[in-house]
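These are my notebook entries on one chain. I record what I looked up, entry by entry.

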Amino acid sequence: MANNSNNDIPKTCKAGVVVNEGPDFKLAVEDVPVPEPGPDDVLIKLNATGICYSDIHYMLNDLPIPPMSTFGVKSPGHEGAGVVVKIGSNVKNWKVGDRAGIKPAYDACFNCELCWTGKETYCDDSPQIGLQYPGSYQQYLLSPARYTQRIPEGVDDFSAGPIMCSGSTIYCSLKESGLKPGDWAVFPGAGGGVGHMGVQLAKAMGMRVVGVDGGDDKKDLCMKLGCEAFVDFTKVKDVAEEVVKICDGKGAHGVFVTATSAAAYSSAPMMCRIGGRIMCVGLPPAGTAFAGADPLLMVGKNLHVIGTKVGSLYDTTKALEFAARGQLKPIYEVFPLAKMPEAVDKLRSGKVAGRLVVDFDS
Ligand SMILES: [Zn+2]
Ligand SMILES: [Zn+2]
């Protein structure tokens with residue numbers, strides 16, 4: 001990693017910016033001013049950013065939240081990895097040259113019950129980077145020093161980027177599911193950006209993993225990453241029935257819905273065994289899907305529906321530790337900066353196995 005001195009910081013930098021926010025948005029690569037850190041901030045020069053489907057949501061403006069433009073933000077992105085190039089006057093715990101990451105939550109209050117219990121991403125004062133603050137599609141970014149993620153040795157920037165969101169998110173879901181070693185963990189969307197990391201983490205935690213996705217590419221990926229079985233929804237008529245058959249004829253202990261389709265959510269309760277957990281992770285467009293089932297089924301099967309948001313600073317740190325030990329390896333395809341718009345279009349089309357990452361230095 002380059003250890004830039006302050007003199008190397010340019011006045012402007014490249015950024016992927018949204019044009020015509022909404023259903024017909026386009027992404028363009030433009031020059032934007034490099035921000036100046038406030039007293040408590042660090043300025044990070046990113047080497048890589050992952051492209052997350054949340055970015056697409058923000059640019060499409062299809063979630064029930066105020067659009068990016070409300071906050072004067074044009075660059076989405078929250079999966080950045082790079083190096084600190086400048087620190088604010090009050091900052092003591094970071095130095096120029098330290099490796100640092102950008103994750104979805106920009107900051108938190110650190111003075112409420114949620115912040116005290118590792119749920120700071122739910123804090124009222126936890127804005128989203130790439131929505132309320134310029135995101136990691138911009139190469140030089142500010143981050144509050146107290147909430148900036150450190151990147152350990154042994155994790156390269158292309159891997160660290162996607163772990164900031166997807167890896168950390170699915171780590172958090174696995175943790176909150178309460179599943180134990182030997183339990184069956186099923187991943188609808190197993191070959192996707194979040195799913196393929198869930199498969200690896202679940203395997204590393206000792207769970208028995210079943211992947212659900214479509215097509216031979218995704219099957220090959222899932223089996224390589226540690227799935228014990230794979231169910232191809234393009235080939236199998238009743239996916240849930242097949243999952244139950246694989247899981248001892250009783251069903252899964254936990255279904256981690258990383259897919260964003262209504263079908264994935266509606267079939268999850270049928271995949272569960274008695275006492276099973278439906279873990280909501282994937283974000284379908286508002287009003288298009290429902291998690292849960294007829295109360296008769298919920299009661300009869302003692303089902304639990306649990307939603308978890310992006311991971312906390314703790315969750316991200318733990319996910320990065322799995323990566324540093326070689327147990328979590330994000331699969332990614334690298335795009336040069338100039339092709340960032342192509343990468344966004346590709347993810348939007350849904351034809352991505354693993355993760356797309358943009359290299360700011362090529
Ligand atoms: Zn994300
Ligand atoms: Zn708080």
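Entry 1. Where does Asp248 lie? I find Asp248 in the loop between helix 6 and strand 11. Here helices (H or I, at least four residues) and strands (E, at least two) are DSSP runs, numbered from the N terminus. I note that this is a predicted model, in which local features need pLDDT of at least 70 and side-chain atom pairs count only at pLDDT 80 or more, while totals for chains, interfaces and linings use all residues. Residues are numbered from 1 along each chain as its sequence is written, and chains are lettered from A and ligands numbered from 1 in the order in which they are written.

Entry 2. I looked up the backbone of Asp248 and read a positive phi of about 60°, although Asp248 is not a glycine. For context, most residues other than glycine have a negative phi. The cut-offs I apply are 20 or more other C-beta atoms within 10 Å of the residue's own for buried, 12 or fewer for exposed, and partly exposed in between, with C-beta atoms placed from the backbone.

Entry 3. I checked Asn20, which has a positive phi near 60° and is likewise a residue other than glycine. Asn20 sits in the loop between strand 1 (12-19) and strand 2 (26-33). With 11 other C-beta atoms within 10 Å, Asn20 is exposed.

Entry 4. I consulted the annotation. UniProt, in an unreviewed entry, lists residues 22-358 as "domain: Enoyl reductase (ER)". UniProt positions are in the numbering used here, feature names are shortened, and annotations may be inferred rather than shown by experiment. Over residues 22-358 I read 29% helix and 24% strand, with the end C-alpha atoms 23 Å apart.

Entry 5. I turned to helix packing. How do helix 3 (residues 157-177) and helix 9 (residues 313-324) cross? Their axes come within 8 Å and cross at roughly 110°. Axes are lines fitted to C-alpha atoms, for helices over the stretch in contact, and angles run from 0 to 180 degrees between N-to-C directions. Helix 3 and helix 9 are therefore roughly perpendicular to each other; the classes are under 35 degrees for roughly parallel, over 145 for roughly antiparallel, 65 to 115 for roughly perpendicular, and oblique for the rest. The crossing of helix 3 and helix 9 is right-handed. A crossing is right-handed if the near helix is turned clockwise from the far one by less than a right angle, and left-handed if anticlockwise.

Entry 6. I listed residues where helix 3 meets helix 9: Ile163, Met164 and Tyr171 are among them in helix 3, and Ala319, Leu320 and Ala323 are among them in helix 9. Contact means that the C-beta atoms, placed from the backbone, lie within 7 Å. The residues of the contact of helix 3 with helix 9 divide into eight nonpolar, four polar and three charged. Ala, Val, Leu, Ile, Met, Phe, Trp, Tyr, Cys and Pro count as nonpolar, Asp, Glu, Lys and Arg as charged, and the others, Gly among them, as polar.

Entry 7. I next took helix 3 with helix 4, whose axes come within 9 Å and cross at roughly 50°. That angle makes helix 3 oblique to helix 4. Their crossing is right-handed. Ser166, Gly167, Ile170, Tyr171 and Leu174 of helix 3 make the contact with Met197, Gly198, Leu201 and Ala202 of helix 4. By class, the contact of helix 3 with helix 4 holds six nonpolar, three polar and no charged residues.

Entry 8. I followed Met197, which is found in helix 4 (residues 195-204). Met197 is buried, because 32 other C-beta atoms lie within 10 Å. Leaving aside neighbours within four places in sequence, Met197 is in contact with Ser166, Gly167, Ile170, Leu328 and Pro330.

Entry 9. Pro162 is found in helix 3. Pro162 is buried, with 31 other C-beta atoms within 10 Å. The C-alpha atoms of Pro162 and Gly80 are separated by 7.8 Å, though 82 residues apart along the chain.

Entry 10. Last, I looked up Gly182, in the loop between helix 3 and strand 8. Gly182 counts as exposed, with 9 C-beta neighbours inside 10 Å. Not counting residues up to four places away in sequence, Gly182 touches Gly206 and Arg208.

Definitions and conventions:
Two residues are in contact if their C-beta atoms, placed from the backbone, lie within 7 Å.
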